[in-house]
Structures are given as C-alpha cells and as structure tokens.
Amino acid sequence: MTRLWHEASCRLRSHRRSASLTAAARLTVFLLYLLCGTLLQRLLLFETDFSGMPNLWDLFLPLCLAASVLFATPLRMQTVWELGGMSGLLDENDLGFLGSSSRFRLWLKAIRLRLFCGISLILSVMPALVLLIAAKSIWFSVPPDQEDLLPLLTVLHLLILAAVSLWLPLRVFAAGTAMPFCFLKMPHVSVVRIMILGFRVTRRQTAGILKMRLLSLPLLVFPFTALYALPTLLTAEMLRSSRNWRHLQPRRTGRFSGLELHAES
C-alpha cells in the first residue's frame with residue numbers, strides 16, 4: 001500500500017486543492033443521503049403505524065436508499081474522471097473520447113454498471129448464506145441426547161465451506177473498485193465486458209485492495225482527513241488497475257481483441 005499511496009499522493013500534489021474540492025463534493029452528497037435516509041427511517045418507524053396492513057413499507061426505505069445510490073453514480077463517475085485527468089492515468093485519447101461522448105448516455109451506462117455490480121455483490125453472498133442456513137438447520141434438528149458425530153461433522157464442514165465462500169463477495173468487491181477506471185478507459189463497450197475487465201485487472205490483487213481500504217478507513221472517518229485520503233485512495237486504486245491494464249494491452253487476439261480500439265482511434 002505504501003508505494004501506491006505515495007505515488008498517488010505525488011501525482012495529486014500539484015492538484016491538491018482541486019482534488020480536495022472533488023472529495024468535498026462527494027462527501028457532502030454522501031452525508032446528505034445519509035441524513036435523509038436517517039430522517040426517513042425515523043418517520044416510517046415512529047410516526048406511522050402500518051401494523052394492520054401488509055408490510056410493504058419495509059421495502060420503501062431500501063428502495064429509496066438504492067435509488068439515491070444510483071442517482072449519486074454520475075457524481076462518482078465525474079470524480080474518478082477528474083482524478084484520472086489530474087493524475088495522468090487517463091491520457092488525451094481517453095479524455096478526448098469522453099469529452100466528445102454524450103454525458104447523459106455515459107451516466108446511464110454508469111448507473112447500469114453500478115446496478116450490475118450491486119446485484120453481483122448480493123448474489124455472491126448467497127452461497128455463504130445458504131451454507132450457514134443449512135448448518136443451522138442441521139444443528140437444531142439434532143436431538144440433545146443423540147451422540148452421533150455425523151451431524152456434528154456435517155455442520156462443521158458446512159461452516160468451513162461458508163467461511164471459504166466468503167472470499168467470493170470479497171473478490172467481487174475488489175473487482176468493483178476497478179470498474180470506474182475500466183469504464184472510463186472503455187466507455188463504448190458493453191457493461192458485461194467492463195465487468196469482466198474489472199475482474200481481470202484485479203486478478204491476484206484482492207488482498208492488496210482490501211488491505212488498502214482497511215488501512216485508509218481511519219482517515220476516511222474524519223472529514224478533514226477524508227479530503228486528503230479519499231482522492232488519494234481512489235487514485236491509488238486507479239494506479240493499481242492501470243498497471244494491470246498495461247499487461248492486457250498486448251493481447252490483441254481472442255475475446256478481448258478490441259482492448260486497444262479506443263487507444264488507437
């Protein structure tokens with residue numbers, strides 16, 4: 001983490017004020033959504049009684065929060081766009097192609113990409129959840145006076161498999177950190193291909209990405225340190241993805257033969 005963090009900080013040194021303003025806008029929107037979500041939750045819980053009705057209102061708050069996350073996607077895309085230009089990770093061809101593209105179409109594709117990433121993350125948690133439910137069901141189905149070791153061994157193996165399967169959502173989360181960079185490098189390809197590229201550029205990088213996120217978390221809690229840590233973290237993640245992106249560039253054959261079409265145009 002130290003090398004990537006230091007290099008990202010050096011790349012943003014001459015643009016520190018602009019990067020801080022970009023981070024401030026993103027943090028402000030996040031805090032507004034958090035505040036609105038908290039107020040809406042209190043309104044639904046304490047001021048309205050839906051006990052005699054079908055409890056459909058339980059879905060209202062999650063849907064509002066999901067919609068707010070999707071509506072904040074254009075700002076997230078613009079943040080990574082500006083940081084990529086400041087740090088030099090997006091070259092003139094990238095910036096020129098993005099500048100000549102329709103902002104509305106880019107926003108719609110970014111929202112679809114964010115939605116697909118969220119669905120993939122939710123689905124990746126399902127195997128561990130199913131294994132935990134199965135282990136719980138077997139555990140409570142065993143009579144207390146039974147001394148058979150087979151159910152206990154089955155529960156133990158299910159718990160081990162559930163712990164191992166938790167690596168899948170971590171892998172999906174790590175790939176999601178590279179999706180904005182892949183989207184800005186290849187905005188003309190499909191959402192599915194962008195997701196595949198996100199997984200490819202983060203191959204064997206999951207532990208490093210999670211470590212960087214955990215170490216930077218204390219800096220992101222406080223607003224004044226977050227103005228420095230957030231753009232540095234995003235730039236460091238783009239820098240990691242950019243290095244792996246270069247290894248994909250020579251591969252002109254096969255499924256990803258169009259990787260350099262944008263760079264050569």
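User: Which residues make the nonpolar surface patch of about 860 Å²?
Analyst: The patch is made by Leu 115, Phe 116, Ile 119, Leu 123, Val 125, Met 126, Leu 129, Val 130, Ile 133 and Val 192. Patches consist of residues with over 30% relative accessible area and no salt bridge; nonpolar side chains (Val, Leu, Ile, Met, Phe, Trp, Tyr) are joined within 5 Å, and like charges within 9 Å. Accessible areas come from the Shrake-Rupley method with a 1.4 Å probe, and for residues only the protein chains shown count as cover. Please note that this is a predicted model, in which local features need pLDDT of at least 70 and side-chain atom pairs count only at pLDDT 80 or more, while totals for chains, interfaces and linings use all residues. Residues are numbered from 1 along each chain as its sequence is written, and side-chain values use heavy atoms, with hydrogens and water left out.

User: Which helix gives the most to the nonpolar patch?
Analyst: Helix α6 does, with 9 residues. Helices (H or I, at least four residues) and strands (E, at least two) are DSSP runs, numbered from the N terminus.

User: And where does Val 192 lie?
Analyst: Val 192 lies in helix α10. Its relative accessibility is 47%, so Val 192 counts as partly exposed. Buried means under 20% relative accessible area, exposed means over 50%, and partly exposed is in between (1.4 Å probe, protein chains only).

User: What does Leu 184 touch?
Analyst: Not counting residues up to four places away in sequence, Leu 184 touches Met 77, Val 80, Trp 81, Leu 90 and Leu 98. Contact means heavy atoms within 4.5 Å.

User: Is Leu 106 buried or exposed?
Analyst: Leu 106 is buried, because its relative accessible area is 5%. Leu 106 lies in helix α6. Leaving aside neighbours within four places in sequence, Leu 106 is in contact with Met 77, Trp 81, Leu 98, Ser 101, Phe 183 and Pro 187. Leu 106 and Phe 183 are 77 residues apart in sequence, and their C-alpha atoms are 9.3 Å apart in space.

User: Next topic: how many salt bridges are there?
Analyst: The count comes to 4 salt bridges, where a salt bridge is a side-chain nitrogen of Lys or Arg within 4 Å of a carboxyl oxygen of Asp or Glu. One of them joins the side chains of Lys 185 and Asp 94, at 2.8 Å from N to O. Lys 185 lies in helix α9 and Asp 94 in helix α5 (residues 92-100), so this pair ties together parts that are 91 residues apart in sequence. Lys 185 counts as buried at 11% relative accessibility, and Asp 94 counts as buried at 2%.

User: What about Arg 213?
Analyst: Arg 213 forms a salt bridge with Glu 237, with the closest N and O atoms 2.6 Å apart. Arg 213 lies in helix α11 (residues 206-221) and Glu 237 in helix α12, so the pair ties together parts that are 24 residues apart in sequence. Arg 213 is partly exposed at 28%, whereas Glu 237 counts as buried at 5%.

User: Which residues are linked in a network of salt bridges?
Analyst: Glu 7, Arg 11 and Arg 243 are linked in such a network. The side chains of Glu 7 and Arg 11 meet at 3.6 Å, N to O. Both Glu 7 and Arg 11 lie in helix α1, 4 residues apart, about one turn of the helix.

User: Lastly, which side chain does Thr 22 join by a polar contact of 3.0 Å?
Analyst: That is the side chain of Glu 82. A polar contact is a pair of N or O atoms within 3.5 Å; within protein, one must be able to donate a hydrogen and the other to accept it, and residues adjacent in sequence count only if both atoms are side-chain atoms. A polar atom of the Thr 22 side chain also lies 2.9 Å from the backbone oxygen of Ser 18. Thr 22 is in helix α2 and is buried, with a relative accessible area of 9%.
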